[in-house]
Amino acid sequence: MLTPAELVEELTTAGGDAPDTQQLRALKALCRDDHSGCALQAAFGALLAALGKRHAQVRVAALQVVHELFCRSHGFRALVVGQLSQLFKLAFGAYGARLPPPVQHATRLQRLAAEYYYAWVERYGTAYQRLVYGFRYLRFVELVDFKDAVRAYRHNAPERVRRRQQTHADNRRECMRRLLVAVRADIAAMRQQIVASLDALERCFAILMPDIADMFGGHASEDPPKERAGGDEGDDSNDWGDSDDDLDAVLAVMAANRQAIEVSIDPDRVLETEETASNAAVFDAIRDQVQLFAQMYRPRIDTWLAKLARVDPDVDPEAQQLLESVRGLRDRMDVAWAKCRDLGVGALPLRRRQDAGASDEDDDFEDVPDTHDHGPVPVRPLLPKTSGKPAKRNAVFSLLGEPVIAGDPTYVDPSVLRTSRAGPARTQHTANSTPQGELSAVEERLRESAPVVSYGPDLLYWGQTEISANTTGLEVRHRFLGSARDEPVLSDAARRGLQMRAVFLPEPARGPIKACRAPLKDGRLCPRRDLAKCPFHGPIVPRDEQGRPAHGPAPPESADAAATAAADDAPPRVSSVATAETPADLQWQDLEDLVSKKHGAPARRRPGPAAKPKRPRSTLDSTRKPAASGADRLRQITSRRRK
Amino acid sequence: MGSEPVARIVRARADGSAQAARARRLLAAGAFGALALAESKRLARAHTAAVHSLAVDAAHGRFLLSAGADTSVQLYDLEAGSSARQIEPVQRIPAGAGHSRIVSSVAWYPVDSGLFTTASFDGTLRVWDAATMAEACQFDLECRVHCQAMSPTGAHALVAAASESAHIRLGDLRTGAFAQTLPIHRSGGTAVAWSPVSPYILASGTAAGGLKLWDIRQAGGHLHAFGDGADAHPAGVCGLLFAADGRRLVSSGADAGVRFWGVDAPHSLLTDVPSDRESMSRRYGAAGRCELAIAAAPGDEAGAGVVFCPNGDTTVSAIDIASGRRLAALDGHFAPTLCAAWRPGHAELYTGGADSNVLVWCASARAAPSEDATGLLVDTWSESESDGAP
């Protein structure tokens, strides 16, 4: 085992362009494993000594070793920074010192020193200010040429930049992966619901709208209203659409004659499917679904798309696939959306509001859409039932519904068409809806028995295992719910908090606090209202009108005095003996007087008027003669003196 | 570090073996003596040649003026750079715009930071408006001015200038003319200092080493000369400074010796701190003087504090005023140090040197680098140590 000094000696005297890697590694291992810093100190001392040798090649080798250790150890850096002037003198030839021969090694020493020193300043200058000061000194006072060093540093810069970019890219990739996992989980959770909703919508469309194949497939179809122009009505008078042959015939006729058919279709009203009592349920279902799409699925899908578009395809090959599937979902939704619009089921609340306003005033204020509802929102039928009111004026076919048109042989009443065509569809619909009806019956019963609570965030987030932030209006960084920066879902604690409902129990109603009602000296009853105990009269007990305790005898004399006092100022009361109609109305207090009179005893509670002081008693007895005060005594004394 | 460990001082105080005043003095000395280069703060290199003079304004302790051989004057706002890694000068007098030769001395107007004065080897003493960096007035001394000072009491507006002529001249800023002339040695003055307590007491040092105390109200001559007949500093006086209580005078000589004098007892030397370095010429270029800085905690009793004295080599000595011990040698410059300035209230020392740097020193505990740089302070040994390249 060699000491650091010996290792340095061997390293610097070996010759060669670069120090021996084995020995260098041994030296670094020595310095690394010695935590006391002695090895570092020894190595630094030996290196300074080697730098001081009068041979430029030795100095070059020593400088290379210094550079290696400098880039590794803080302790070594501190040592070097403390001895910078020495280093300048020995490696740069500063302070007028001259570099030793041989000349080519001396120039190499200077070049290497500049290169290393510039790298140190660039890398460690922020933490070791003295390096910067030393650089200024070398650059501006010693006029050391750092151009080559800067060039060399820049030359190595791509390597450093590449390393930095690598870490940056790694971080980004990791971030994207997390994002992708989150989005994928979200999609997996929602996809079934969305597809089910789309399927339901399409079933509804199948009921309401003819398929293109059906339209030209021989069934009496309800086609887009076409305004026929150019005098072709006469040729077209037969009832077309009866059969393939007829259609062929019509087509043949049309092909034979040059005709100009102008078809203008109002994009808002392509289909002429009116909502009637019979298909109102279908429309309701469509509206429910559309509502769901507009308010929940569509924003969700847009979020997914935005997130997935950010993910690089090379992060995960499945990302692209996922993106495609989400796009497919969105396209399907767009198609359904368009169909809904054609049906006049405006998905936009604004449009619905207008319709409602036009048709029925009291439908206003009714259906403010609840933005965060997961369940189907109950939507009232917005269009009036066609039975009571005249049909709306049609924008395309203005004569529709006019009595004149009924006589026109080219006109077929759409309702007739619909009834004739909707036969199988109707049965299908009913077959479809029967389990739903049962379900709703059960549901109804359940609903009746369910407790009614007001709507709140706990119901909004009911049963969700994770709540994604930033899609439903929750902020990613919320004041109370915490930050959801890594994955845009709320933490478990925050979710539980959201799903919890605070119920404020009403304070138990407290009746009026009863007065103490103990008789006071001045004849009144104690007006204090204490809960349990009056500070003057003890525990609050039920008392009668005179203030005597209702249960348990009070101390006789005090009760007597109190009763006497109470009776004095009590309002004149009518004896129940005089007013009683039945014996039950008699009060024993009144009877007591009578009984005592009968037995010759003095009436206890009604002393004679002589004993009755007329004035109200007060706590201060003004009749009492005041005690001789100091002033009186003084007056007496002075008068005595005068005498 | 020459300061005693804090724990020992505290223990001695607990024993009762150290008086309260002494313990406090020792602690202050320890705190001021153990300075380190501030790693989180750095002044930009604005001078292209040696920095000869530094001044921190007494009013706020916020603005630092530096002037030097490149004839420029730089004004740093020391608080603006609290977040930045490097403090750039906020104002400057560019080289050549003001003085035409070395600026040997710069000083703030003691009352506020709206004015400052500079003295230069071009023979002028100029007064500047700090807000606009425009010259307000100028005194022409017709020979190299080494030092100038205004009374820190602010009682008058006299600026004393020590030049190569045989007189200290007092210029009055209110009239823009010289008001008084004090005859000193014909070798010329190198240093001048006003008493911080009495507005009329002035000390002067000459290149020949004489040190005299003046009362400017007495026309007859100086009050007394320090050094008991001999020259105070045989090699010449470099720097001169009154202690905060005005009762001690610190002088540094060209031989890097520092001496403490009692103002009231001129004939006896209080403390002599001889140079501990090999004889090194204090003269750097033509500016044969150095600026001292004195650091004392405000409100401390007499004698507590540390004098920072540029040694003429790359170090600045921290000398305990009471004991005269050299507490530390602050080695940060790469060329001879020429000036020092203490920033009161912040416990920061600024030193300037011939390497054109202005270094910031602060207490070791606060000298740690900023947080983003701490990552560079750790060892980065690789596990295998197989790769040679860092």
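In this predicted model, the largest nonpolar core has 77 residues, and those with the most contacts inside it are A:F92, A:Y117, A:L131, A:F146 and B:F308. A nonpolar core is here a set of buried Ala, Val, Leu, Ile, Met, Phe, Trp, Tyr and Cys residues joined through side-chain atoms within 4.5 Å. Buried denotes under 20% relative accessible area, exposed over 50%, and partly exposed the range in between, with a 1.4 Å probe and protein chains only. The element that gives the most to this core is helix α7 (residues 103-124) of chain A, with 10 residues. Helices (H or I, at least four residues) and strands (E, at least two) are DSSP runs numbered from the N terminus. Contact means heavy atoms within 4.5 Å; on this basis, and leaving aside neighbours within four places in sequence, A:F146 touches A:F92, A:A114, A:Y117, A:Y118, A:F135, A:L138 and A:R139. A second, separate core of 37 residues includes A:L179, A:L201, A:A319 and A:L322.

The model is predicted, with local features requiring pLDDT of at least 70 and side-chain atom pairs counted only at pLDDT 80 or more, whereas totals for chains, interfaces and linings use all residues; side-chain values use heavy atoms, with hydrogens and water left out. Residues are numbered from 1 along each chain as its sequence is written, and chains are lettered from A and ligands numbered from 1 in the order in which they are written.

In chain A, helix α1 (residues 4-13) has A:P4, A:L7, A:V8, A:L11 and A:T12 buried. Seen down the axis of α1(A), these buried residues fall within an arc of 120 degrees and therefore line one face of the helix, the arc being that of the directions from the helix axis to the C-beta atoms. Their cover includes α2 (21-33), α3 (38-51) and α4 (56-70) of chain A. After α1(A) comes A:G15, with a positive phi near 80 degrees. Elsewhere in chain A, the peptide bond from A:P101 to A:P102 is cis, with omega near 0 degrees; A:P102 belongs to the loop between α6 (84-92) and α7.

The secondary structure of chain B comprises 2 helices and 28 strands. Of its 390 residues, 57% count as buried. Among contacts in chain B with a separation of 6 or more, 48% are between residues 24 or more positions apart. The accessible surface of the chain is about 14600 Å², and 51% of this belongs to carbon and sulfur atoms; accessible areas come from the Shrake-Rupley method with a 1.4 Å probe, and for residues only the protein chains shown count as cover.

Within chain B, 4 strands form an open sheet in the order β18-β19-β20-β21, with antiparallel pairing. Two strands are taken to pair if DSSP finds at least two bridges between them. Strands β18 (237-242) and β21 (269-273) stand at the edges, each with a single partner strand, so one side of each is left without a neighbour in the sheet. The twist averages 15 degrees from one strand to the next, where axes are lines fitted to C-alpha atoms, for helices over the stretch in contact, and angles run from 0 to 180 degrees between N-to-C directions. Strand β20 (residues 258-262) is joined to β21(B) by 4 bridges, and B:R259 has B:D272 as its bridge partner.

Strand β19 (residues 248-253) of chain B contains B:L249, which counts as buried at 0% relative accessibility. Leaving aside neighbours within four places in sequence, the contacts of B:L249 include B:F226, B:L240, B:R259 and B:W261. B:L249 and B:F226 are 23 residues apart in sequence, with a C-alpha to C-alpha distance of 9.9 Å.

In another part of chain B, strand β8 (residues 124-129) has 5 of its 6 residues buried, so it is largely enclosed by the rest of the structure. It is joined by 5 bridges to the antiparallel strand β7 (residues 115-120), where B:L115 stands opposite B:D129. These two strands form a hairpin with 3 residues between them, and B:G123 in the turn has a positive phi of about 90 degrees. On β9 (residues 134-140), also antiparallel to β8(B), 6 bridges are formed with β8(B), and B:A134 is the bridge partner of B:D129. The hairpin of β8(B) and β9(B) has 4 residues between the strands, with B:M133 in the turn at a positive phi of about 55 degrees.
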